[in-house]
Amino acid sequence: MPLDPKAKAVIDQMSSLPVPAWDILDAVTYRAILDSARFPPPPITLAEIRNTTIPGPAGPIPVRIYRNSLDGNQPGIVYFHGGGFVIGSLDSHEGGCRRLCKGAGCTVVSIDYRLAPEHVFPAAVEDAYEATKYVAEHATELGIDPKRIAVAGDSAGGNLAAVVALIARDKCGPAICHQLLVYPVTDLKFTSESYRSNGVGYFLTRDMMDWFRRQYMPAAAALDHPHASPLYAESLKGLPPATVVTAEYDPLRDEGEAYAKRLQEAGVPTKVKRYDGVFHGFFSMAGVIDQGDQAVDWAVGELKAAFRS
């Protein structure tokens, strides 16, 4: 279907940002540009929002904890923000975390993992897994039910959520009851049809993804390593049930749907939904783009069902 008018208005606004050419752009400059254009968080009242740190493999990891209730034994989500492994922060994804916390009636622990190029692959993966393990091991003191912990993330964060689920399976823990993957990066080779058809003109471009990959992946790294590109994991059997969100005008659309298909073929209960007329990033634009609200509501419903079961 045609690009949604509200989505087009957002793209037109973003296209006015003064982003230098990708061959000379540095990460610090790009982070500053996007920080200036951040959407304000929604006015959602929660029982508690608290910043703290947890131990990580290379030092303390900053986290932000959102609690819908101060009662104990609440379901929990470990959330990894998007941003190509280079940009994004606890602040950039404040709105999405608040919506998931309130909607799913749970505690969300948002993870500020190490970013590239200062910290290349697999630093983000190591932080993501160790943070998830910490939340599981300290669930009671965090007010979380250790049997009801999900991982979630969008874009690069969706990649980390998928990879954490793989590592947890292979290391026999921690237990994860669900994985919410919002337009996840699953294939760093960038060879899908959606890269060819959506690589220009829809906010996230092929040039942007090339730049992100150069920052994140060392030159000698294998792009098909399953902890970088989970689509190439030898087996997806035994992974937690999944909810996968994709967008019609997104270079990452096909790899997200391909990962969902592989999960289904491996016998993993998986639901996938493509939102037409919108582009990469729409999930974080609930309140601005209607399909963003619809996708958040659907994801919340799937999380609540997972927590009940």
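Contact, as the word is used in these legends, means heavy atoms within 4.5 Å. The views show a predicted model, in which local features need pLDDT of at least 70 and side-chain atom pairs count only at pLDDT 80 or more, while totals for chains, interfaces and linings use all residues. Residues are numbered from 1 along each chain as its sequence is written, and side-chain values use heavy atoms, with hydrogens and water left out.

Leaving aside neighbours within four places in sequence, R114 is in contact with P57, A58, H119, A123, A124, E126 and D127. The side chain of R114 makes a polar contact (a pair of N or O atoms within 3.5 Å; within protein, one must be able to donate a hydrogen and the other to accept it, and residues adjacent in sequence count only if both atoms are side-chain atoms) with the side chain of E126, at 3.4 Å. A polar atom of the R114 side chain also lies 3.4 Å from the backbone oxygen of A123. R114 counts as buried (under 20% relative accessible area, with a 1.4 Å probe and protein chains only), because its relative accessibility is 18%.

S155 is buried, with a relative accessible area of 7%. Apart from neighbours within four places in sequence, S155 is in contact with G82, V182, Y183, P184, V185, L252 and H280. For one of these residues, V182, which is 27 residues from S155 along the chain, the two C-alpha atoms are separated by 6.2 Å.

**View C. Packing of helix 4 with helix 5.**
The axes of these helices (lines fitted to C-alpha atoms over the stretch in contact, with angles running from 0 to 180 degrees between N-to-C directions) come within 9 Å and cross at roughly 65°. Helix 4 contributes A124, V125, A128, Y129 and T132 to the contact, and helix 5 contributes L160, V163, V164, I167 and A168. By class, the contact of helix 4 with helix 5 has nine nonpolar, one polar and no charged residues.

**View D. Packing of helix 3 (residues 94-104) with helix 9 (residues 290-308).**
The two helices pack at an angle of about 50°, with their axes 9 Å apart, which makes helix 3 oblique to helix 9. On helix 3, R99, L100, G103 and A104 meet V296, V300, L303, K304 and F307 of helix 9. By class, this contact of helix 3 with helix 9 has six nonpolar, one polar and two charged residues.

Terms used:
Helix = DSSP H or I, 4+ residues; strand = E, 2+ residues; numbered from the N terminus. Parallel < 35°, antiparallel > 145°, perpendicular 65-115°, else oblique. Nonpolar A, V, L, I, M, F, W, Y, C, P; charged D, E, K, R; others polar. Buried < 20%, exposed > 50% of the residue type's maximum accessible area, 1.4 Å probe, protein only.
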